[in-house]
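Here is a short briefing for a first look at this structure. Start with the sequence and the model shown below, then read on by topic.

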Amino acid sequence: MLPVTLRGLRDGWRGTLAWAVGLVAALSLYLPLYPSFGTNGSLQDIMASLPPELIDTLGYDQIGTGAGYAQATFFGLIGFALVVIATTAWGAAVIGGAEESGRLELDLAHGIGRVSYTLQSALAIGIRLLFLGLVVGLTIGALNAPSELELDAAHIAAATVALCGLGALCASAGLLAGALTGRRVAGVAAGAGVAVYGYAVQAVANQSEELTWVERLSPYAWAYSGAPLENGLTWGIAAVWGVSLALLAAAALALRSRDVTG
């Protein structure tokens, strides 16, 4: 059962583990620094030395709280980058990369339907992404008290769901581009483009109160503008996941309607 999913998990477990180690390393590097910044006032000094425009762009305006610090340093920056890089690569590889290598044509010749192939590939990515999410959530939970962040467990889960939603969105974009073109590079460009677009639009929206409406166009803002680390799950997070599923459905339809070449 689910041969494509099982093969994806078997072939990708080492890479998934490496990404998990990277996420743990990033969390272990950034979060424990919060108490030292807060105790000696150096965090405020650093903030005062930065241009206001840069502070708004990076989302550092709330960095004085535990939730704001974790959001700005990990969820909104390094964690976001690591997760979307991983999922973009995964999404680009399973259809576009498989077609370039000739493996997709061989798989389909063995009676695996195109829609089934797409959905099974997405399931493998989803399981790997779920593993990364669990690692992130558990690591933050373990560092929460020692780092004096004072984060609520349910809110940690909500922020992790938001982060994974952005990863799923980039993976789905990569799947769709690969299904449309049969090229890995198109999948990478699509997934990376979604990530860069979302972050850039949010940065533009932060520059002026007159531009705040622009954030409605950014999936990054959908995920994070409701401050999940402070307020829990929001409709914006649901929207990110909804668009991800829509792109996945479009990828299945695109692969079903196109000739596949080895």
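A residue is called buried under 20% relative accessible area, exposed over 50%, and partly exposed in between, using a 1.4 Å probe and protein chains only. By that scale leucine 2 is partly exposed, because its relative accessible area is 39%.

This is a predicted model, in which local features need pLDDT of at least 70 and side-chain atom pairs count only at pLDDT 80 or more, while totals for chains, interfaces and linings use all residues. Residues are numbered from 1 along each chain as its sequence is written, and side-chain values use heavy atoms, with hydrogens and water left out.

**Overall layout**

- The protein chain holds 12 helices and zero strands. Helices (H or I, at least four residues) and strands (E, at least two) are DSSP runs, numbered from the N terminus.
- Of the 262 residues in the protein chain, 47% are buried.
- Take the contacts between residues at least 6 apart in sequence: 75% of them join residues at least 24 apart. A contact means heavy atoms within 4.5 Å.

**Helix 1 and its partners**

- Helix 1 covers residues 3-30 and has 28 residues. From first C-alpha to last it reaches 39 Å, close to the 40 Å expected at 1.5 Å a residue. The expected span is 1.5 Å times one less than the number of residues.
- A kink of about 55° is centred on glycine 12 in helix 1. The bend at a residue is the angle between axes fitted to the seven residues ending there and the seven starting there.
- Glycine 12 is also among the buried residues of helix 1, which include Val4, Thr5, Arg7 and Thr16.
- The buried residues of helix 1 pack against helix 5, helix 6 (103-109) and helix 7 (114-144).
- Isoleucine 127 sits in helix 7. It touches Thr5 and Leu9, leaving out residues up to four places away in sequence.
- Isoleucine 127 and leucine 9 are 118 residues apart in sequence, but their C-alpha atoms are 8.1 Å apart in space.
- Isoleucine 127 counts as partly exposed because its relative accessible area is 36%.

**Helix 5**

- Helix 5 is largely enclosed by the rest of the structure, because 28 of its 36 residues are buried.
- A kink of about 50° in helix 5 is centred on glycine 79.
- Glutamine 71 lies in helix 5 (residues 66-101). It is buried because its relative accessible area is 17%.
- Glutamine 71 touches Gly76, Leu77, Tyr224 and Leu229, not counting residues up to four places away in sequence.
- Glycine 102 follows helix 5 and has a positive phi, near 90°.

**The cavity**

- Rolling a probe the size of a water molecule over the atoms shows where empty space is left.
- A search of the whole structure finds one cavity of 30 Å³ or more. On a 1 Å grid over the protein atoms alone, a cavity is a set of points where a 1.4 Å probe fits but cannot get out, and lining residues have an atom within 4 Å of a point.
- The largest cavity holds about 40 Å³ of space. Grid points are joined across faces, edges and corners, and the volume is the space filled by probe spheres set on the points.
- Its lining includes Phe80, Leu166, Leu169, Val194 and Pro219.
- Helix 8 (153-181), helix 9 (184-205) and helix 10 (219-224) each supply at least two lining residues.
- The lining divides into eight nonpolar residues, one polar and no charged. Ala, Val, Leu, Ile, Met, Phe, Trp, Tyr, Cys and Pro count as nonpolar, Asp, Glu, Lys and Arg as charged, and the others, Gly among them, as polar.

**Valine 240**

- Valine 240 is in helix 12 (residues 235-256). It is buried because its relative accessible area is 1%.
- Beyond its neighbours within four places in sequence, valine 240 contacts Gly165, Leu166, Leu169, Pro219, Trp222 and Ala223.
- Valine 240 and leucine 163 are 77 residues apart in sequence and 9.8 Å apart in space, C-alpha to C-alpha.

- Most residues other than glycine have a negative phi.
- Leucine 2 has a positive phi near 50° and lies in the segment before helix 1.
- Glutamate 148 has a positive phi of about 55° and lies in the loop between helix 7 and helix 8.
- Glutamate 148 counts as partly exposed because its relative accessibility is 48%.

Methods
On a 1 Å grid over the protein atoms alone, a cavity is a set of points where a 1.4 Å probe fits but cannot get out, and a pocket is an open set with protein on both sides within 12 Å along at least five of seven lines; lining residues have an atom within 4 Å of a point.
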